[in-house]
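Below are some notes on the salt bridges and nonpolar cores of this model. They are set out as numbered points, to be read alongside the coordinates.

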Amino acid sequence: MATQPLRFCDYFWGTEFTSFAGFDTLCTRLKHGKHTVQEFEEFLKSRAKIEETYGRELIRLGKQYVAKEEIGTLKASWETLKTETENLGNAHLANARRLTQEHDAVKEFKERQRSERKKTEESVKKVQSYKKSSYEKQVKAKRTYESRCRDSDHADENYQKMLSMQKQKQIDDSQKKAEAARSTVDRMDNLYKESVRLLDEARVMWEREMEMCCNTFQDSERERVSFLRSSMWKYANIQSQTFVEADETYERLRQQLEKCDPEVDNDTFVQNKQTGMERPGAIQYENFYDKTKTYELPTSNQPQTSASSISGGHSHISGPISSFATRELPEIPPVTPPSSRRPEADLQTAAQPPVDSNYALLGALPEPRKQATPSAVLVEAVYDYEAQGDQELTLRCGDVLEVLEQEDETWWRGRSANGAEGMFPVGFTEPYPSSS
């Protein structure tokens, strides 16, 4: 069962005759309500301004950047991003216009309520003023009436006293005064009764106006709360609509981005900007003293080591070129170092390095220097090698290793200068000391 709403006209009275506390309380409530409506009006105005500024900035942003050098599907995505940014800006501008319209509606409602409230307040204040003046007149009439009644009683007492003195003239004077006093009392009594009647009329009139005021104010508050609720609801819908439009713009951008393919863009770039498919040939070395001798320098993927000297072609050039200049970088052995050990008898002889065919052209290799320790087999790393596991040694060009075991033709076991032991590929080394 629904509860009946409380009525203003039942709860804003008072026992004191001249009190207007109920009316003042209602007026304060409406004043606060007016302030709330005004604040919401200003809120909508500020929010619309924010939306307008944001929308204009988005449109400016969408037109500011061009990226004219871009091509292919990424360019289409970039153009879609700019277009949708402008569309989003226009959506926010439309949102600003809707908020401005709602702001104008709130402002009109505020002015209408203010006019109705002012009319009701003036009417109640008028009857309150009449009631107050009637009350003051009644109080004054009553005071005068009571004073005249006391004067009449005093005159009657004097008249009775004069009767006992048997002085006719004094008796007549006393009688006249008593009669005049009674006549004044009768007149004051009528005035007092009239003031009471008028005061009661004023009270009835005030109660009627006050009741009408309570009902009007209650309807006004009900309308105000309902209007603000509806207006705030519209505000939420306006913002939701803007977010939906924003999501649609982002969805169109996502659909375009799904078409963005880096391979297609690269192919488009190659097709439009290619400079040719033929690469430049290698540049050969030409001996300054003997033009008939040429030598192709190593490619960029080969280790380059300058030769100390070149023999042939002139009498003051002597000594062989280093074997590093023509030797190709050996492949990393395809198998892991062997784990089994050979008999120590097999480890006493180190494999002699093969003679590089390039020395046949440039001169014979000089005899290697004798090892410092006859019992130790030493090798020198001629290429860098990164260890592929804990059992291998990392080599740097120029490192000297002591051979501990010659496992096979591909892998040996050795000790580096810092004392580390492990397997290393034989093809990355040559006997120490190296040729100079």
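1. This is a predicted model. In helix α3, K193 and D189 sit four residues apart, which is about one turn of the helix. Their side chains form a salt bridge with an N to O distance of 3.2 Å. The two ends of the pair fall into separate accessibility classes: K193 counts as exposed because its relative accessibility is 51%, and D189 counts as buried because its value is 17%. The cut-offs behind these labels are under 20% for buried and over 50% for exposed.

2. How many salt bridges does the structure hold? The count is 27. Another of them joins the side chains of E223 and R112, at 2.8 Å from N to O.

3. E402 has a relative accessible area of 28% and is partly exposed. R415 also has a value of 28% and is partly exposed.

4. The E402 and R415 pair should be read together with its neighbours in the network. Salt bridges link E402, R413, R415 and E421 into one network.

5. The largest nonpolar core has 16 residues, and the members that touch the most others are V379, L395, V403, W412 and F424. Which elements give two or more residues to this core? They are β3 (377-381), β4, β5 and β6 (421-425). Strand β3 gives the most, with three residues.

6. L395, one of the core members with the most contacts to other members, can be checked residue by residue. Leaving out residues up to four places away in sequence, L395 touches A381, Y383, D384, Y385, L401, F424, P425, F428 and T429. F424 is on this list and is also among the core residues that touch the most other members.

Conventions:
Residues numbered from 1 in each chain as written. Predicted model: local features only at pLDDT ≥ 70, side-chain atom pairs only at ≥ 80, totals over all residues. Heavy atoms only, no water. Salt bridge = Lys/Arg side-chain N within 4 Å of Asp/Glu carboxyl O. Buried < 20%, exposed > 50% of the residue type's maximum accessible area, 1.4 Å probe, protein only. Core = buried A, V, L, I, M, F, W, Y, C linked by side-chain atoms within 4.5 Å. Contact = heavy atoms within 4.5 Å.
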